[in-house]
Amino acid sequence: MIDTVEQALVSPRYLAGGGDAAWITVPLHRACGWSYGHDPLMPRVILTSPDQQAHLRLEPNPDNQWWRLRHAATRNSPSWYASFSARTPVELIAAVTDALTDPAASRTGSASPLDPLQDAGWQWQPSTRVSPDGITEVEHFTNHGCNSWFITAALSKDHENQLWQARFDGNTPDYLITAFTQALADPAPLARDPLLLPPHLRRHPHLHLHLHLHLHLHTEQVPVETVASALERRVAQLTARHPNALTKQLPTRPSPQPGPGHRR
């Protein structure tokens, strides 16, 4: 019999919680050549692009954004900045870093970051798109000299019930924000360890009633090898975009330990 491990599948994906930070950091280092430098006594990770133009900083901070992505000004474009709070799903942040590091990505075009949301049936309000369940808002501020994007997921308007927030300043290239909104509107569920679901899913077993039946959360048995090799497959796929890149061998990650729902 094939060893399996239980996985929770969550949709809409903006409710899935943060996930494994290695989904972002490992491919940036191994597949895209970003170097890392940090004090091992400090709980932070700092990655720098090969051209030294971009920096990604992951630093646990309960009162501020955990992920910070900065890009220096170039001859043709100003500097820009993006940040993401702790429980922003890593798959959404990875959509941005994947687009940033893709040598074949189209940096220009007329597509608006709001288009994927409109195509997915999000509600329209002035300068804002709202998810069908009302939980996630994508706001574009352009008034009084302020040009920025705020994407917020919250169970209610109270700050205490905010799940996560992403921010892009007005100089962030549209194709990167569009990569984020495409991943945000993607109907495919995100897989999570059932024991590591975010608090809003653990505390509210009947959350689907609050969310007007838009929440879909169920578990299924998945082959252990599929789960254990997911990151390696991702690194291989991104490495293929850089055929001449030299990458280090990814250490074999231990297979998930059997837990509740494990069967043989």
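In which sense do strand β1 (residues 4-11) and β12 pair, and over how many bridges?

Analyst: β1 and β12 pair in the antiparallel sense, over three bridges. One of the residue pairs to look for is valine 10 with leucine 190, its bridge partner in β12. Before going further, keep in mind that this is a predicted model: local features need pLDDT of at least 70, side-chain atom pairs count only at pLDDT 80 or more, while totals for chains, interfaces and linings use all residues. Numbering starts from 1 along each chain as its sequence is written, and side-chain values use heavy atoms, with hydrogens and water left out.

A few words on the labels. Helices (H or I, at least four residues) and strands (E, at least two) are DSSP runs, numbered from the N terminus. Two strands pair if DSSP finds at least two bridges between them.

β1 belongs to an open sheet of three strands, in the order β12-β1-β13, with antiparallel pairing. β12 (190-192) and β13 (216-223) are the edge strands, each pairing on one side only. From one strand to the next, the twist averages 35 degrees. Angles here run from 0 to 180 degrees between N-to-C directions, and axes are lines fitted to C-alpha atoms, for helices over the stretch in contact.

For β2, look at strand β3 (residues 45-48): the two pair in the antiparallel sense over two bridges, and serine 35 has threonine 48 in β3 as its bridge partner.

(Buried means under 20% relative accessible area, exposed over 50%, and partly exposed in between, using a 1.4 Å probe and protein chains only.) Six bridges join β10 to β9, and the two run antiparallel; histidine 140, for example, has tryptophan 149 in β10 as its bridge partner. Seven bridges join β10 to β11, also antiparallel, and phenylalanine 150 stands opposite arginine 167 in β11.

Helix α1 (residues 22-30) and helix α2 (residues 90-101) pack at about 20 degrees with their axes 9 Å apart, and that makes α1 roughly parallel to α2. (Angles under 35 degrees count as roughly parallel, over 145 as roughly antiparallel, 65 to 115 as roughly perpendicular, and the rest as oblique.) α1 passes α2 in a right-handed crossing; a crossing is right-handed if the near helix is turned clockwise from the far one by less than a right angle, and left-handed if anticlockwise. Trp23, Ile24 and Leu28 in α1 meet Val90, Glu91, Ile93, Ala94, Thr97 and Thr101 in α2, where contact means heavy atoms within 4.5 Å. By class, those residues are six nonpolar, two polar and one charged. (Ala, Val, Leu, Ile, Met, Phe, Trp, Tyr, Cys and Pro count as nonpolar, Asp, Glu, Lys and Arg as charged, and the others, Gly among them, as polar.)

α1 has another helix partner. α1 and helix α8 (residues 230-239) pack at about 40 degrees, with axes 9 Å apart, and are therefore oblique to each other. On the α1 side the contact is made by Ala22, Trp23, Val26, Pro27 and Arg30, and on the α8 side by Ala230, Leu231, Arg234, Val235, Leu238 and Thr239. That contact has eight nonpolar, one polar and two charged residues.

As for cover, seven of the nine residues of α1 are buried, and the buried residues pack against β3, β4, β5, α2 and α8.
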